[in-house]
Structure formats: C-alpha cells, structure tokens
Amino acid sequence: MSDQRSPVAPSLTAKDPFELRVSLGEQVPEQTVQEALVSGDMGFLHSFTTGSAVDGPGLRVVAWTTGCMWRCRYCHNPDTWPLKNGFPVSVRQAADELRKYRQGLKVMKGGFTLSGGEPLLQHRFAVKLLAEAKAMGIHTTIETNGFFSDRLSDAELDLIDLVMLGLKTWDPARHEDLTGQDNAPTLAFARRLAARRKPVWIRFVLVPGLTDDPGDMAQSAAFAASLGNVERVEVLPFHQMGRYKWERLGMKYTLQDTQPPAPAAVEQACAVWRAAGLNVV
Ligand code: SF4
C-alpha cells in the first residue's frame, strides 16, 4: 500500500472524508496505542473537515475518527476501520484545531461533530474532546452506531447535545449479515437516550436488496417513533463513492453490482418512515 501513502505528513484537515488515508499512525508503538485508549489523552483521526452542512444542525466542523468494530458492506470509508490508519493527535491539538472555528460556528449556529469510523471505539478521547468543545460553548454532536455506548456514563452523555444514531436494519440476522455485528446494543442505546430525552437524529442508509424490505423498515420506524426523542430521520440513498477505497485497499467489496436506489424507491422508503409519524428528510 506504499503508493497510497502521502509522501509528507498529511494535514489534519482534509478536503472531505472521501480522501483515502492509510497508515498515518503506523509508527505509534502498540503499547502507546493501548495507553491512549485508556487515558484518552491521544486519539487517532482520519481528518478534520470544515463547513459540513449534513452532519448536524447548521455548519459543522467534523472530526473523523479512525477505528470501527463493524464491517458494513456499504461502508464508504473502510480506510477508517483500522485505528492506526489515523493520524495520532493529542486532545490539545484537536481542541486547538477546533478552537480556530469557534466564533464562526457560533455565528452560523453550527457546531462540532465527532464522527468516524466509530468514535466511541476511542471513547476516552471522545469524551475529552467533547468536553473541550463544551467548554468553548460549542454545540456538540456525535455520529455513532451505538455499539460501545455503555462505555459512557450519564454525565459523559450530557456532553453531547445531539446523537446521530445509525439504524442499519431491524432483523438481527440481516443486521449481522450487513454489519458483522448484533444490533441489540444500538437499540439499547436508543432506549437509554429516550429515557434521558436526548435529541436524536436517525440515519438510515437505503441499500437496494439489503435494507429496503418495507416490513423491516416499518419495524425500525415503529421503534424509532415509540422513543419520543427522534427529531428527524435521514434516509440516505446508497452510493458507490466509496467503492474505489475498497478496491485500492484490496478489500473484497460485495456491492459492485448494486445500483443506487431510484428516486421513487427513496420516496417509498421515506413514506414508510413517515407513516410511523416521524419527520423524514
Ligand atoms: S459503522 Fe460506519 S464506519 Fe463502521 S463499518 Fe459501518 S458505515 Fe463504516
């Protein structure tokens, strides 16, 4: 993979999260990685991006963590799966990067979003960085699959203003085929957030042949509607923008023949979620 590496130290800021980034932290000794995961003083980031209008309310600065324990077949950023593909940064470095945008984010009624990868794989780093953002008076959002959410205390959850929670599919067997993992922890997290009345946006990726079963979607929708704290549902059409990453990384991609859903199919899916009484965008 040497041809995929940047010949110079990469900037923490990327044009967008579709930039392929690998092995940026490979020189970090394993013991240091383990200590960082415990202390949270250092984290691994794919990149920062600025000016996002799709990762929470208003304009956002987004920090994309590396490390994910899921293996979603449609993942468009598989380079974020290995922790050490990310750039090692201290909490202070990451906070200083965020601080540059502090005033603008407030004026634009935006905020900071921690995404990934799966940010709660680095839960100690996530908590420290979110605390820094809160101390700056910045609105905080985390985008998560919820699998490691029980690693956060209730007080730590209070550092997060909005949770963008991925609901992949309802049926457990289908979920395991799609992601390699059980969806029970995600659903448990959704219930916990509901009990705490934490605002939630649901993200649902519509993949023809994988997540578009109307009955399955209806069950997810009924569950989401029952929670009472879901402010909106985003139905995101599957796309092939991440395909080149799978190919460049030499990974087996199973969706090469899957087409993005037609507009009518997207509208039908939105109708299923809307029928449960949810605000769908
Ligand atoms: S949870 Fe997100 S980052 Fe992890 S594999 Fe799935 S889509 Fe990719």
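These legends walk through close-up views of a predicted model. Residues are numbered from 1 along each chain as its sequence is written, and side-chain values use heavy atoms, without hydrogens and water. Local features need pLDDT of at least 70 and side-chain atom pairs pLDDT 80 or more, while totals for chains, interfaces and linings use all residues.

**View 1. Helices H2 and H4 pack together.** H2 (residues 91-99) and H4 (residues 123-135) meet at an angle of about 35°, their axes 10 Å apart; axes are lines fitted to C-alpha atoms over the stretch in contact, and angles run from 0 to 180 degrees between N-to-C directions. Helices are DSSP runs of H or I with at least four residues, and strands are runs of E with at least two, numbered from the N terminus. On the H2 side, look for Val91, Ala94, Ala95, Leu98 and Arg99, which touch Phe125, Lys128, Leu129, Glu132 and Ala133 of H4 (contact means heavy atoms within 4.5 Å).

**View 2. The residues around the ligand.** Here you will find Cys68, Trp70, Cys72, Cys75, Trp81, Gly117, Asn145 and Lys168, each with a heavy atom within 4 Å of the ligand.

View 3. Glycine 117 is in the loop between strand S4 (111-115) and H4.

**View 4. Lysine 109 and its positive phi.** This lysine 109 has phi of about 55° although it is not a glycine. Its place is the loop between helix H3 (102-107) and S4. Most residues other than glycine have a negative phi.
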